[in-house]
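Please look over the protein below. The report that follows walks through selected features, one topic at a time.

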Amino acid sequence: MFPALAPLQIGGIIGFVTVIFLLLAIALVYSSVVIIRPYQKGAYTVLGTYRGILDQGIHFIYPFVSDVTRFDMRTQTLDVPRQEAITRDNSPVTADAVVYIKVMDPKKAFLEVDNYERAVSNLAQTTLRAVLGDMELDDTLNKRQEINARIRKELDEPTDEWGVRVESVEVREVNPSKDVQQAMEQQTSAERKRRAMILEAQGERRSAIETAEGDKQSNIIRAQGEKQSQILEAQGDAISTVLRAKSAESMGERAVIDKGMETLAEIGGSESTTFILPQELTSLVGRYGKHLTGSDIKENGHVLDGLDFDEETREMLGLDDIEEILGQIDEEAEVDVEAMEQEAQKIKHGEDSGVDSADEVIEQMDAEIDGGQTDIAGGPEESDTAEDQ
């Protein structure tokens with residue numbers, strides 16, 4: 001019975017040994033092959049001895065006695081935990097940051113420092129507290145770029161010895177204590193209220209100035225219009241006076257003749273037989289005959305007296321240019337309503353109305369009125385002459 005079992009036991013032992021050898025062969029191959037990825041480099045050691053840096057690809061090493069430490073050559077991000085610090089003006093603040101680093105020399109990162117990531121993070125924490133403690137509270141809140149630059153400068157020298165480069169440092173938040181925050185909020189609120197009151201006062205002042213300027217311009221325009229109206233009315237009265245005087249002069253002769261004929265009629269109708277005749281009777285009767293025969297009859301080569309103005313009077317009154325005068329008066333009397341509305345809108349919205357001062361407006365309008373008066377009446381001296389007549 002036992003001899004029959006011997007071959008089975010031998011076959012089992014052989015199979016077991018074969019499996020062990022296969023496992024050992026697989027472990028040997030696995031430990032002797034190293035794959036380095038494109039963004040990695042490896043520090044190679046054999047029995048604790050540094051042998052060099054392995055680049056990307058497949059590498060065969062001594063099994064069981066070799067070790068490869070891989071380094072990521074890409075830019076890495078390290079979070080700096082929130083730190084508490086006391087500023088120069090004794091205000092407590094808390095801040096956290098982010099540090100961007102990159103391994104430049106894997107040999108130094110392997111030989112000069114133990115866990116370079118933890119070392120950089122700890123160094124960044126202490127540097128952040130030191131920088132905040134060397135600044136005042138307002139500077140920590142306003143000069144964020146300066147804080148970043150100072151931390152990076154402090155980290156550059158020690159990290160260079162570790163084969164690591166600090167590419168950037170960004171402080172994310174700087175928060176003062178709650179009591180300081182409440183005081184700052186009250187200060188900000190008071191400052192905003194002060195600015196609002198100043199702006200409101202400036203707006204009211206601006207509105208009052210614009211309203212006063214608009215009223216002033218309105219009064220100037222109204223006064224100038226009244227002045228122009230009075231000048232035109234005075235010119236019209238002067239012309240009317242001259243016309244009435246000339247008309248009375250022309251009608252004087254006819255009135256004398258009519259009065260003389262009425263007197264003759266009364267003398268003829270009296271009961272007296274004795275008549276006293278004036279010396280100019282013959283002349284009076286002759287002049288009466290001229291009026292009876294018509295104004296177009298000539299006697300002794302002389303034209304009968306007419307009612308037309310002489311050239312000097314017509315030129316003085318400007319009767320030949322009456323249409324031009326009336327057109328100038330109409331143009332001066334016209335009011336540009338649209339322009340006045342646009343001017344009012346400019347004043348309402350606080351825009352420049354185009355008028356520098358009231359004195360300039362008055363001088364400009366006086367010049368225009370003086371020019372218009374010269375064109376209509378032929379000059380100030382002639383106007384005075386017409387009024388004297």
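Is phenylalanine 21 buried or exposed? Phenylalanine 21 is exposed, with a relative accessible area of 56%. That value is over the 50% cut-off, so the residue counts as exposed. Keep in mind that the model is predicted.

## A nonpolar patch on the surface

Phenylalanine 21 belongs to helix H1, which covers residues 2-32. The residue is also part of a nonpolar surface patch.

Three strands make up an open sheet. Their order is E3-E2-E5, and the pairing is antiparallel. Strands E3 (49-54) and E5 (66-72) stand at the edges. Each has a single partner strand, so one side of each lacks a neighbour in the sheet. Neighbouring strands are turned by 20 degrees against each other on average, direction ignored.

Now take the pairing of E2 with E3. These two strands run antiparallel and are joined by 5 bridges. Glycine 42 stands opposite leucine 54 of E3.

## Alanine 43

Alanine 43 sits in strand E2, residues 40-46. Is alanine 43 buried or exposed? Its relative accessible area is 0%, so alanine 43 is buried. The cut-off for buried is under 20%.

Which residues does alanine 43 touch, leaving out those up to four places away in sequence? The contacts are Tyr50, Gly52, Ile53, Asp67, Val68, Thr69, Phe71 and Phe110. Aspartate 55 is 12 residues from alanine 43 along the chain. The C-alpha atoms of these two residues are separated by 9.3 Å.

## Salt bridges

Side chains of opposite charge can pair when their charged atoms come close. How many salt bridges does a search of the whole structure find? The search finds 13.

One of them links arginine 74 and aspartate 72. The closest N and O atoms of this pair are 3.0 Å apart. Arginine 74 is partly exposed, at 44% relative accessibility. Aspartate 72 is partly exposed too, with a relative accessible area of 23%.

## A link between strands E7 and E8

Arginine 172 forms a salt bridge with aspartate 96. Here the closest N and O atoms are 3.4 Å apart. Arginine 172 lies in strand E8 (residues 164-176), while aspartate 96 lies in strand E7 (residues 92-103). The pair therefore ties together parts that are 76 residues apart in sequence.

Arginine 172 counts as partly exposed at 43% relative accessibility. Aspartate 96 counts as buried, because its relative accessibility is 10%.

Lysine 143 counts as partly exposed at 36% relative accessibility. Aspartate 139 counts as partly exposed at 24%.

Which residues do salt bridges with shared partners join into one network? They are Arg82, Asp96, Arg172 and Glu173.

Note on methods: Residues are numbered from 1 along each chain as its sequence is written. This is a predicted model: local features need pLDDT of at least 70, side-chain atom pairs count only at pLDDT 80 or more; totals for chains, interfaces and linings use all residues. Side-chain values use heavy atoms; hydrogens and water are left out. Helices (H or I, at least four residues) and strands (E, at least two) are DSSP runs, numbered from the N terminus. Buried means under 20% relative accessible area, exposed over 50%, partly exposed in between (1.4 Å probe, protein chains only). Contact means heavy atoms within 4.5 Å. Patches are made of residues with over 30% relative accessible area and no salt bridge: like charges are joined within 9 Å, nonpolar side chains (Val, Leu, Ile, Met, Phe, Trp, Tyr) within 5 Å. Accessible areas come from the Shrake-Rupley method with a 1.4 Å probe; for residues, only the protein chains shown count as cover. A salt bridge is a side-chain nitrogen of Lys or Arg within 4 Å of a carboxyl oxygen of Asp or Glu. Two strands pair if DSSP finds at least two bridges between them. Axes are lines fitted to C-alpha atoms, for helices over the stretch in contact, and angles run from 0 to 180 degrees between N-to-C directions.
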